[in-house]
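Hi everyone, thanks for making time this morning. I'd like to walk you through a structure that may be new to you, so please settle in and have a look.

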Amino acid sequence: MNEKKLVRWPYLFMGFMIFLFIGLIYAWSIFVVPLEEAFGWIRSDTSNVFSVVLIFFSLGSLVGGFMTKKFSVKFIVRLSALLLMAGFILSTRVTSLYQFYITYGVMCSTGVGMSYTSVAGAVVKWFPDKTGTANGILFVGFGLAAMVLGWFVNLILEATGWKMTFTVLGIAFGIILMLAVHKLDAPGSDVVFPETLSKRKSVTVFPDRDYTTQETMKRLTFWKIFIWAMFLCAAAYAVIGSVSPAVVSVGASLSLGALATGFVSVFNGGSRVLWGAMYDKLGMRITIMTVSTVFIIGSTLAIVSVLVDSVVSVIIAFLFTGFGFGDVPTVASTTINKMYGKKYYSANFSVYMLTCIPAAFLGPALSGVLVTASGSYFSTYCMMLLASVIGTAIALTIKKP
């Protein structure tokens, strides 16, 4: 009897394309200066927008993860597409900061979060033998969005203004997500996969069982991963949403600020495949400790860049941070999948995504207050270094479930 050939890479490609577009959430810094000029908002106001974005991205991820128990990934992504379309278009009609919090911060971010966990949950089930690599490739789209699409968004922004740009993005999100999810689905129970890594030689051995979300939340290691990611994400969020204005603050032009945002996106997104492959080859512990070290280096370089007042130095510091940040979702998602099983992965991963809420307050919200109060990013970079050191200390204690 002829064995049916396993065809699974198209599902990864569809997931990649969806992540590429919803990843534009991290290109927020491109809109900061135009919105401040249009409404007279100050830096703490726009930093708070990014905090709201992260909070509702996290809550949307939680909703999307639990919705997978009753609804198909197609339904969830289509619903999120409608939220994104409505959020972007309604943002062009706002007259106050709080209205913008609702349209962009709540509606758009909830839509992105719902797609994030539901798509990741469906795609990763196709690659039980290459979980780290598949997660890395999938999250590349999310991380590269600002570079791949940011330049196009910036062109529209300069030519037509922020309102038309938001209108175009809203329509594009609606159409593209609807089309990209058309054939996406999780594998059926009759699909036969290649031998998984756990049955071959593996550098990290995980238990072969599925933990429910309730069981997962009772495991100390899960919360260590949660706190480790929270501190590193806080360090990254402090600059990811402010790359452009931070670079402009040391004398660069707006166009160079947008370009720097794109390069950070490249390092953030491009590194995810490397981190995923490293996880598959060298294991969880080495990968986690390596990325924690990269964060400390990036934060230290950021502090030095202020002391020498150099545009080049601050960009290099951000590149290190972006490179390290690419590892956090890849390692966390892969570890949760391997440690606690794939059956409840979407729901378990959605709980982990709540890290964005405290990270949003520790990162961009606090950074906005510090920058507004001091007129400099120096205190923000010191905060980044402290968060990186705490995260590294926690990483040393992460072991088995």
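Predicted model: local features only at pLDDT ≥ 70, side-chain atom pairs only at ≥ 80, totals over all residues.

Let's begin with the rings. The structure holds 28 aromatic pairs. One of them joins Phe39 and Trp162, a tilted pair with 5.6 Å centre to centre and 55 degrees between the planes. Phe39 sits in helix α2, residues 29-39, while Trp162 belongs to helix α8, residues 162-180, so this pair ties together parts that are 123 residues apart in sequence. How covered are these two? Phe39 counts as partly exposed, at 26% relative accessibility, whereas Trp162 counts as buried, at 10%.

Now a second pair, Phe100 with Phe166. Their ring centres are 6.1 Å apart and their planes are at 40 degrees, so this pair is tilted. It also links distant parts of the chain: Phe100 is in helix α5, residues 97-124, and Phe166 is in helix α8, 66 residues apart. Phe100 is buried, with a relative accessible area of 0%, and Phe166 is buried, with 0% as well.

Ring pairs also build a cluster, and its members include Phe31, Trp41, Phe88, Tyr104 and Phe173.

Let's turn to the outside. Which residues form a nonpolar patch on the surface? They are Phe71, Phe75, Leu79, Leu82 and Met178, with about 420 Å² of accessible area together. Helix α4, residues 73-91, gives the largest share of the patch, three residues. Phe75 lies in that helix, α4, and is partly exposed, with a relative accessible area of 41%.

Note on methods. Residues numbered from 1 in each chain as written. Heavy atoms only, no water. Patch = residues over 30% accessible without salt bridge, like charges linked within 9 Å, V, L, I, M, F, W, Y side chains within 5 Å. Areas by Shrake-Rupley, 256 points an atom, 1.4 Å probe, with all protein chains shown as cover. Salt bridge = Lys/Arg side-chain N within 4 Å of Asp/Glu carboxyl O. Helix = DSSP H or I, 4+ residues; strand = E, 2+ residues; numbered from the N terminus. Buried < 20%, exposed > 50% of the residue type's maximum accessible area, 1.4 Å probe, protein only. Phe/Tyr/Trp six-rings, centres within 6.5 Å; stacked < 30°, edge-to-face > 60°.
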